[in-house]
Amino acid sequence: MVAARTRTDSAETVHTHGNFINGEWRPAGSGSTFENRSPANDDDLVGHFAASNLEDVNAAVTAAAEAADGWRRTSAVARAAILHKAANLLETRANEIGRELTREEGKTLKEGIGETTRAVQILRYFAGEAQQPSGEHYPSANPLTLLYTARDPLGVVAIITPWNFPIAIPAWKIAPALAFGNTVVFKPASYTPVCGVRLVEILTEAGLPPGVLNLVSGGASDVGDPLVRDERVVAISFTGSNQTGAELRKIAAERGAKLQLEMGGKNPAIVLADADLEQALGQVVNGAMMSTGQKCTATSRAIVDRSLADQFTTKLAERIAALNVGDPLEDGVQMGPLINEQAAERVVGEVTAAKDAGSDLLVGGGRLTDNGRGNGAFVAPTLFAGVDPSSRFGQEELFGPVLGVIPVDGLDEAVAVANQVRFGLSASIFTRDLGKALRFVQEIQAGIVHVNSETAGAEPHVPFGGMKGSSSYSREQGKSAREFFTQVKTVYVDPPPA
Ligand code: ADP
């Protein structure tokens with residue numbers, strides 16, 4: 001069941017990567033670096049990265065501010081051509097970069113390559129989107145007036161991204177920011193900076209002028225904090241934890257910056273009595289366990305009709321116990337490690353607390369250290385039954401491979417339980433009853449709603465975002481991206497007096 005791999009990576013060259021500022025790769029001003037190690041094997045050193053500070057952030061924001069006018073004045077068609085070329089370049093390197101992604105993040109190779117391919121689709125989509133109509137033509141009270149709206153770029157935007165989708169999330173923020181004429185300072189997550197470096201390399205090779213896209217790597221307080229406080233940064237697009245999101249909300253409100261937040265979820269999958277059980281089982285297990293449960297859209301609550309709860313839970317337990325957990329680069333492995341040792345310990349701590357609080361632990365619950373997994377952040381895929389929906393485990397996001405089953409009586413109770421959390425990112429229902437499915441769609445408080453598919457599915461050309469505490473009301477991707485990364489200008493053109 002378990003894959004071990006003999007590592008030869010120590011023999012590979014370990015690179016030191018700098019910041020990218022004003023069209024040049026350069027070390028942090030202080031000369032400091034930090035290490036990035038694979039979560040699957042602490043001996044596998046992925047690279048060294050610039051440990052930047054305020055001085056580097058300043059230089060990057062200055063470069064972005066100086067490039068802003070020139071970039072704003074380029075045509076959308078020219079910007080689209082660069083994104084299109086970048087998509088093609090990334091496509092030719094998808095296997096190689098997907099592998100690097102897996103090495104630094106820990107999701108399986110299939111998922112790593114899949115995510116990189118998603119980034120290709122995103123770049124391609126925004127190359128097209130840049131050339132779509134962007135304003136509206138209105139009738140005027142004066143029949144001779146030409147009255148229309150146009151969309152202007154915002155200026156310098158900060159893009160701050162998490163480690164769980166290290167290339168797709170940067171792509172879905174950076175591509176629209178650039179497509180609509182903004183310049184960017186990008187801070188990748190410290191646990192996954194390689195993918196950020198690769199995306200910037202590719203966009204640069206595709207022809208971005210110096211200063212238009214800048215990357216500064218480093219920690220939250222040394223890089224993220226000064227970046228979001230810089231008055232020249234007029235907008236911030238952030239995906240990450242609720243706690244950081246709450247801090248950014250204050251900072252942006254105080255200085256009047258435009259803000260987009262994507263944060264956590266406690267996503268439910270409702271399984272009604274008439275569901276196709278086989279299909280529901282497969283989708284719920286995938287939703288809960290793929291990417292080691294570290295997706296903001298992951299399923300963490302299976303809300304199951306009481307009439308089939310025992311049967312469904314037994315089958316869930318069998319499938320979850322049978323998952324092949326190991327080196328994510330290895331063929332056949334279905335689940336890799338968590339992002340790091342602290343995350344693994346935190347999840348095991350939460351599992352222990354949930355067990356102590358009365359939830360019924362059926363599968364997993366601890367660290368996996370045998371069969372070559374002793375050097376990585378491996379946690380067994382975990383299933384609880386009989387979860388109290390109002391308990392801490394029933395309410396809080398664990399961000400790990402942990403699923404809880406909550407039995408309910410019928411649709412109304414299922415939806416009430418599903419909505420009884422502060423989050424509202426994604427939700428699923430499994431049923432053959434169209435009327436019930438439509439009632440669920442109407443009543444559920446979630447920004448992404450699935451009928452008969454898993455909570456984590458998301459396509460790149462449609463809006464993405466959550467309700468309630470999961471988001472900040474704005475949406476990313478698809479046509480919504482233009483709303484965030486532009487501002488409206490209303491134009492009245494009157495003929496001069498005859
Ligand atoms: P995660 O658990 O996904 O890493 P975080 O919110 O801690 O979530 O981090 C997401 C991103 O936000 C990372 O790039 C991190 O360095 C950055 N970050 C964290 N705290 C701050 C902050 N106070 N200001 C700006 N950026 C921050």
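1. The largest pocket holds about 1200 Å³ of space. A pocket here is an open set of points on a 1 Å grid over the protein atoms alone, where a 1.4 Å probe fits, with protein on both sides within 12 Å along at least five of seven lines. Grid points are joined across faces, edges and corners, and a volume is the space filled by probe spheres set on the points.

2. On provenance: this is a predicted model, in which local features need pLDDT of at least 70, side-chain atom pairs count only at pLDDT 80 or more, and totals for chains, interfaces and linings use all residues. Residues are numbered from 1 along each chain as its sequence is written, and side-chain values use heavy atoms, with hydrogens and water left out.

3. The pocket lining comprises 44 residues. Nearest the centre of the largest pocket are Trp 163, Phe 238, Gly 240, Ser 241 and Thr 244. Lining residues have an atom within 4 Å of a grid point. By class, the lining of this pocket has 17 nonpolar, 17 polar and 10 charged residues. Nonpolar means Ala, Val, Leu, Ile, Met, Phe, Trp, Tyr, Cys and Pro; charged means Asp, Glu, Lys and Arg; the others, Gly among them, are polar.

4. Four elements, α7, β11, α8 and α11 (341-356), each give at least two residues to the lining of the largest pocket. α8 contributes the most, 6 residues. Helices (H or I, at least four residues) and strands (E, at least two) are DSSP runs, numbered from the N terminus.

5. Two or more shell residues come from each of α7 (220-229), β11 (233-239) and α8 (242-255).

6. The ligand has 17 residues around it, the closest being Thr 161, Lys 187, Ser 241, Thr 244 and Glu 247. The shell cut-off is a heavy atom within 4 Å. The shell splits into 8 nonpolar, 6 polar and 3 charged residues.

7. Polar contacts are pairs of N or O atoms within 3.5 Å. Ser 241 places a polar side-chain atom 2.7 Å from a ligand oxygen atom. In the side chain of Glu 247, an N or O atom lies 3.1 Å from a ligand nitrogen atom. Taken alone, the ligand exposes 540 Å², and the protein buries 80% of that (Shrake-Rupley method, 1.4 Å probe).

8. There are 2 cavities of 30 Å³ or more. In a cavity the probe fits but cannot get out. The largest cavity has about 100 Å³ of space. Its lining has 14 residues; Gly 293, Ala 298, Ser 300, Glu 397 and Phe 399 are closest to the centre.

9. The second largest cavity has a volume of about 40 Å³. Of its 14 lining residues, Pro 268, Phe 423, Gly 424, Ser 426 and Gln 445 are closest to the centre. The lining of the second largest cavity has 8 nonpolar, 4 polar and 2 charged residues.

How values were computed:
Polar contact = N/O pair within 3.5 Å; in protein donor to acceptor, adjacent residues only side chain to side chain.
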